[in-house]
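User: Could we go through the ligand site of this model together? Please start with the contacts.

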Amino acid sequence: MSLARSILLRASKSQWLARQASERAFAQKAVRKFMPGEELEDALGASAALKAAGFGTVLTQLGESLTGLSQADAVRDHYLALFDEVKQRDLPIQVSVKPTQLGLDHSIEECRTHILTLTDKARATGGFLWLDMEDSSYVDRTLDLYRSMRQRYDKVGLALQAYLRRTPADVAALLPLRPSIRLVKGAYAEPASVAFEKKSETDVAYFDLAITLLAASAKGECYTVLGTHDIGLLARLTARAAELGAKDGNYEIHMLYGIRTRDQQALEAAGRKMRVLISYGRKWFPWYMRRLAERPANVWFVVKSALAG
Ligand code: FDA
């Protein structure tokens, strides 16, 4: 891992920096590169505009690692209302949640109750619910939660991270459930014992895992989402997908709001099924630092925003 990436990921855990950044206008301006706004209404407005341009979206409210379980109730209620809003506005929006937003640090059973309440709401409104994957200490518990969701409803999905050495085994164990899997490279600082250190190793692992998933998707045994902005990798994967018999309807490509927007449009124009993940909310600091860590050159954008006042 590069030094810059490691510093930025360490900084993402600082409460002090989070407080400083959220009070600074230049930081708020810089963060807008990756989010249409802090309010749900901003995300819904961006979803409506993206729908008109041929894109679906996935919405997630920022905020992780709660300080108390009572906060999880408010997060659950927020997402319950969101499912109603999506149905009422008839927008192609899916919802993605982080288990720690729903109390996983405090009690897996409380968290499971919240996640199953959201799963039932997704089923009642015809919605789709994703679980994000957080750092490696949460993987076993997140898989456990996903299994509970999957027993209740089919339109539920899980993010898996290609940089983790364990992921091929996790994919093999999940496939009998006919899962929906969003494959991502992985965004957290992890020890070499659990994750690949070199980006090139992660890229190879991503390709291999994606081929396994696409082959299963071609047989109707899973639904694959390629969650990456790596255009070269996507070109190789979509070519391989066609050879494997996976059609555009068997898989989708998801990217983050504000990243490689022109490529997103080009892929959509080429007939790919595309979704944009939109984050919103005031607790953006750790998430934003992970976005900077993915491309430390982004830090210059922050510096420029600070200098421009
Ligand atoms: P890579 O890092 O190789 O980037 C490829 C190219 O994309 C770069 O060269 C650059 O041009 C561009 N790019 C990538 N990141 C950028 C950035 N921040 N700013 C500007 N340009 C950038 N992670 C996780 O651990 N758990 C999760 O649940 C999720 N969920 C998730 C959903 C979706 C839809 C996406 C797209 C990503 C995630 N991630 C995630 C994040 C993921 O793990 C990973 O950190 C980022 O996607 C960056 O990796 P890429 O696959 O884009 O490749």
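Analyst: This is a predicted model. In it, a backbone N or O atom of Ala-187 lies 3.1 Å from an oxygen atom of the ligand.

User: Which side chain places an N or O atom 2.6 Å from an oxygen atom of the ligand?

Analyst: That is the side chain of Thr-228.

User: How much of the ligand's accessible area does the protein cover?

Analyst: On its own the ligand has 920 Å² of accessible area, and the protein covers 88% of that.

User: And how many residues surround the ligand?

Analyst: There are 26 residues around the ligand, and the closest are Gly-186, Lys-199, Thr-228, His-229 and Glu-294. By class, this shell has 10 nonpolar, 7 polar and 9 charged residues.

User: Which element gives the most to that shell?

Analyst: Strand 7 does, with 3 residues. At least two residues of the shell come from each of strand 4, strand 5, strand 7 and helix 12.

User: Now the pocket. Which space does the ligand take?

Analyst: The ligand takes the space of the largest pocket, which holds about 1400 Å³. Its lining consists of 49 residues, of which Lys-185, Gly-186, Ala-187, Arg-291 and Glu-294 are the closest to the pocket centre.

User: Which elements give two or more residues to that lining?

Analyst: They are strand 4 (156-161), strand 5 (180-184), helix 9 (199-218), strand 7 (251-256), strand 8 (274-280) and helix 12 (285-294). Helix 12 gives the most to the lining of this pocket, with 5 residues, whereas strand 7 gives the most to the shell around the ligand.

User: How do the lining residues of the largest pocket divide by class?

Analyst: The lining of the largest pocket divides into 20 nonpolar, 12 polar and 17 charged residues.

User: Changing topic: how many cavities of 30 Å³ or more does a search of the whole structure find?

Analyst: The search finds 1 cavity of 30 Å³ or more. About 30 Å³ of space lies in the largest cavity.

User: What lines the largest cavity?

Analyst: The lining is made of Phe-34, Leu-256, Tyr-257, Ile-259, Leu-277, Ser-279, Trp-287 and Arg-291. Strand 8 and helix 12 are the elements that give two or more residues to the lining of this cavity. By class, the cavity lining has 6 nonpolar, 1 polar and 1 charged residues.

Definitions and conventions. Residues are numbered from 1 along each chain as its sequence is written. This is a predicted model: local features need pLDDT of at least 70, side-chain atom pairs count only at pLDDT 80 or more; totals for chains, interfaces and linings use all residues. Side-chain values use heavy atoms; hydrogens and water are left out. On a 1 Å grid over the protein atoms alone, a cavity is a set of points where a 1.4 Å probe fits but cannot get out, and a pocket is an open set with protein on both sides within 12 Å along at least five of seven lines; lining residues have an atom within 4 Å of a point. Grid points are joined across faces, edges and corners, and a volume is the space filled by probe spheres set on the points. Helices (H or I, at least four residues) and strands (E, at least two) are DSSP runs, numbered from the N terminus. Ala, Val, Leu, Ile, Met, Phe, Trp, Tyr, Cys and Pro count as nonpolar, Asp, Glu, Lys and Arg as charged, and the others, Gly among them, as polar. A residue is near a molecule or strand if one of its heavy atoms lies within 4 Å of it. A polar contact is a pair of N or O atoms within 3.5 Å; within protein, one must be able to donate a hydrogen and the other to accept it, and residues adjacent in sequence count only if both atoms are side-chain atoms. Accessible areas come from the Shrake-Rupley method with a 1.4 Å probe; for residues, only the protein chains shown count as cover. A molecule sits in a cavity or pocket if more than half of its atoms lie within 2 Å of its grid points.
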